[in-house]
Structure formats: structure tokens, C-alpha cells
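Hi,

Here is the structure I promised to pass on. Have a look at it first, and then read my notes below.

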Amino acid sequence: MLNSSIRRIRRAFTLVELLVVIGIIALLIAILLPALSAARNQATKVQCLSNLRQMGMGFMMYVGNNKQTYPQPHTDSHILPANAANEALWFNALDPYLAKNEKNFTNTSASNRNYNLYKQDPVYFSLGEDTALNGGNGSRTFKMNTYFGDPTSLSTGTPYWTRAGKVHEASRTVLMFDAISADCAKVLPILANDSFAPAFDGDEQYVGIRHSRNKSANVLFADGHASEIQQPITLYTSSSGKSSFFTWYYEYQGSTAALRAATTAAREPNESLIWNFRRS
């Protein structure tokens with residue numbers, strides 16, 4: 001009887017042994033969590049690049065079927081009738097080439113858009129549907145380069161349509177990119193009135209630096225290829241003067257219109273991408 005009790009006692013873990021096991025498990029978790037986080041971030045970046053490449057295929061097919069002309073980066077109110085302006089917006093115009101569930105775009109209502117996930121950076125999952133968040137800014141996680149339209153046409157009444165032949169350095173000209181969206185207003189509510197989130201178009205001030213530990217962004221170029229780009233980043237100060245955050249390096253000098261230097265020698269050393277490809 002005594003020997004049986006001793007055997008039962010010997011089979012139990014001591015407190016020290018339990019603490020050692022718990023310590024080993026905690027150590028393994030500490031080692032594995034960063035690796036799992038890195039793998040998750042890498043998967044997010046790869047999914048984002050895949051989405052941009054799908055969009056690139058859509059752009060190429062659209063251009064091929066529309067006299068080598070790109071869709072509009074924004075909804076120009078001077079394109080009439082109103083449903084034509086809505087259909088010309090890239091967010092809607094690419095659907096026939098990439099989506100199976102087309103809708104009839106008869107007005108500018110957000111309910112007449114397809115919020116397919118291939119149009120989004122995966123950060124979109126944390127923002128919710130476009131119509132339900134921040135006044136309808138949740139789906140602007142990708143933006144089209146505003147210079148493919150005419151930023152002044154909204155006031156002058158002269159829509160600008162870019163032809164593929166006008167883009168001379170397509171492999172370096174930004175067509176679409178990771179963009180500041182409702183995530184900006186969600187993380188930094190003071191920026192909600194800075195006009196970053198609501199637009200479907202934008203320039204380098206609108207780039208959302210989300211990948212590789214907030215050091216890079218994914219970019220789709222006019223030749224259809226997409227890649228991860230790291231640029232020098234700088235501090236952006238809100239127009240309200242109440243907050244700052246790291247933003248994409250602004251390539252252009254001065255506060256006037258962003259007209260790119262006409263020659264390579266005159267460009268800034270960090271001008272690795274082309275935004276305003278039209279010469280003044």
C-alpha cells in the first residue's frame with residue numbers, strides 16, 4: 001500500500017517543473033509571435049500587390065477598348081450626362097473587365113458601386129463598407145493618379161482624357177497606389193477634414209505607408225506592373241495645426257502647382273517616380 005502511494009506521488013509534477021514548462025511555453029510564444037506577425041504582414045503586402053496587378057490588367061483592357069484612353073481618376077461634373085461621368089470614374093469603369101456582377105450606373109449614388117475586394121488594400125477589412133463608415137470613405141484604399149485627369153477641369157469645365165501615347169515613361173509613371181483612406185481619419189480623427197480620405201484620386205501626398213512596418217507602399221505603374229516602393233518619408237502637419245504624421249516624400253519644390261522638372265538633371269535626387277507626367 002505504501003509503495004503504491006509513493007508511485008502516485010512520483011507521477012505528479014512538482015511546482016518547479018510546472019513553472020519550467022510554463023516558462024518554456026512563454027519563451028516559445030515570444031519567439032514565434034514576431035515570426036507570425038511578419039508572415040501575416042508579408043501575406044497582406046502580397047495580397048495588396050495581387051489586387052493592384054488585377055487592377056492593372058483591367059486598365060490595360062479598358063485602354064485597349066477605348067481608343068487608348070484611360071478612365072477618369074475622379075468624377076468630373078462637366079462630363080454630361082451625369083451617369084456618363086459616373087461610368088467614367090475608374091472605380092466603376094473597370095468593372096466590366098474584372099467583375100462578374102456589374103451594376104447599372106445610372107447616378108452617382110454609392111449604392112450603385114461594386115466594392116469588390118480586388119479594388120482594395122487589405123486594410124479595407126478593418127474599415128468596413130464604404131457606405132457605412134466616415135461619410136463613405138472606407139473604399140478609397142487605392143487611388144488613381146490625379147494627373148491622368150485634369151485637376152483644374154472641375155472648375156474650368158474642360159475634362160482632360162489621357163491617352164496611353166502621352167505617357168512616355170510608363171514603367172515609372174504612377175497609375176494607382178496605396179492611399180490614405182478612412183484609416184487616416186480613424187487613426188487620426190483630426191485629419192478627417194484634410195480632404196485625404198474622400199477622394200478616388202490623389203498625388204504623392206495621399207500615399208498610405210502601410211507595408212514593411214510602415215516603411216513602404218505598393219504602386220501600380222502605367223505599364224501594368226506593380227511593386228513595393230520605399231521612399232524617404234517626412235512629417236506632414238495637419239492644416240488644423242494640431243497633429244503630424246509620417247507621409248510620403250513630396251517630390252516637388254515650392255508651394256505652387258506640382259510641375260515636374262523637364263530634364264533628368266533638374267530633378268530632385270529622390271524623384272524615382274513620375275506623378276505629373278504632362279509637361280507645362
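Before the rest, the ground rules. This is a predicted model, so local features need pLDDT of at least 70 and side-chain atom pairs count only at pLDDT 80 or more, while totals for chains, interfaces and linings use all residues. Residues are numbered from 1 along each chain as its sequence is written, and side-chain values use heavy atoms, with hydrogens and water left out.

Salt bridges

The whole structure has four salt bridges, each being a side-chain nitrogen of Lys or Arg within 4 Å of a carboxyl oxygen of Asp or Glu. In one of them, Arg 172 meets Glu 169 at 2.5 Å, N to O, and Glu 169 is partly exposed at 29%.

Another joins Glu 228 to Lys 45, with the closest N and O atoms 3.1 Å apart. (Helices, H or I with at least four residues, and strands, E with at least two, are DSSP runs numbered from the N terminus.) Lys 45 is buried at 12%, whereas Glu 228 is partly exposed at 28%.

Then there is Arg 210 with Asp 121, at 3.3 Å, N to O. Arg 210 sits in the loop between E3 and H8 and Asp 121 in the loop between helix H5 (95–98) and E1, so the pair ties together parts 89 residues apart in sequence. Both partners are buried: Arg 210 at 16% and Asp 121 at 2%.

The sheet

Five strands make an open sheet of mixed pairing, in the order E3-E1-E2-E4-E5; two strands pair if DSSP finds at least two bridges between them. E3 (201–202) and E5 are at the edges with a single partner strand each, so one side of each has no neighbour in the sheet. E1 and E3 run in the parallel sense over two bridges, and Asn 145 stands opposite Gly 202 in E3.

Asp 201, also in E3, is buried at 12%.

The core

The largest nonpolar core has 43 residues, of which Phe 59, Tyr 70, Trp 90 and Met 176 touch the most other members. A core here is a set of buried Ala, Val, Leu, Ile, Met, Phe, Trp, Tyr and Cys residues joined through side-chain atoms within 4.5 Å. H2 gives the largest share, seven residues. Trp 90 touches residues including Met 55, Phe 59, Phe 142, Met 176 and Phe 200, leaving aside those up to four places away in sequence; contact means heavy atoms within 4.5 Å.

Ser 212, in helix H8 (residues 211–214), has a positive phi of about 50° and is not a glycine either.

Over to you!

How values were computed:
Buried means under 20% relative accessible area, exposed over 50%, partly exposed in between (1.4 Å probe, protein chains only).
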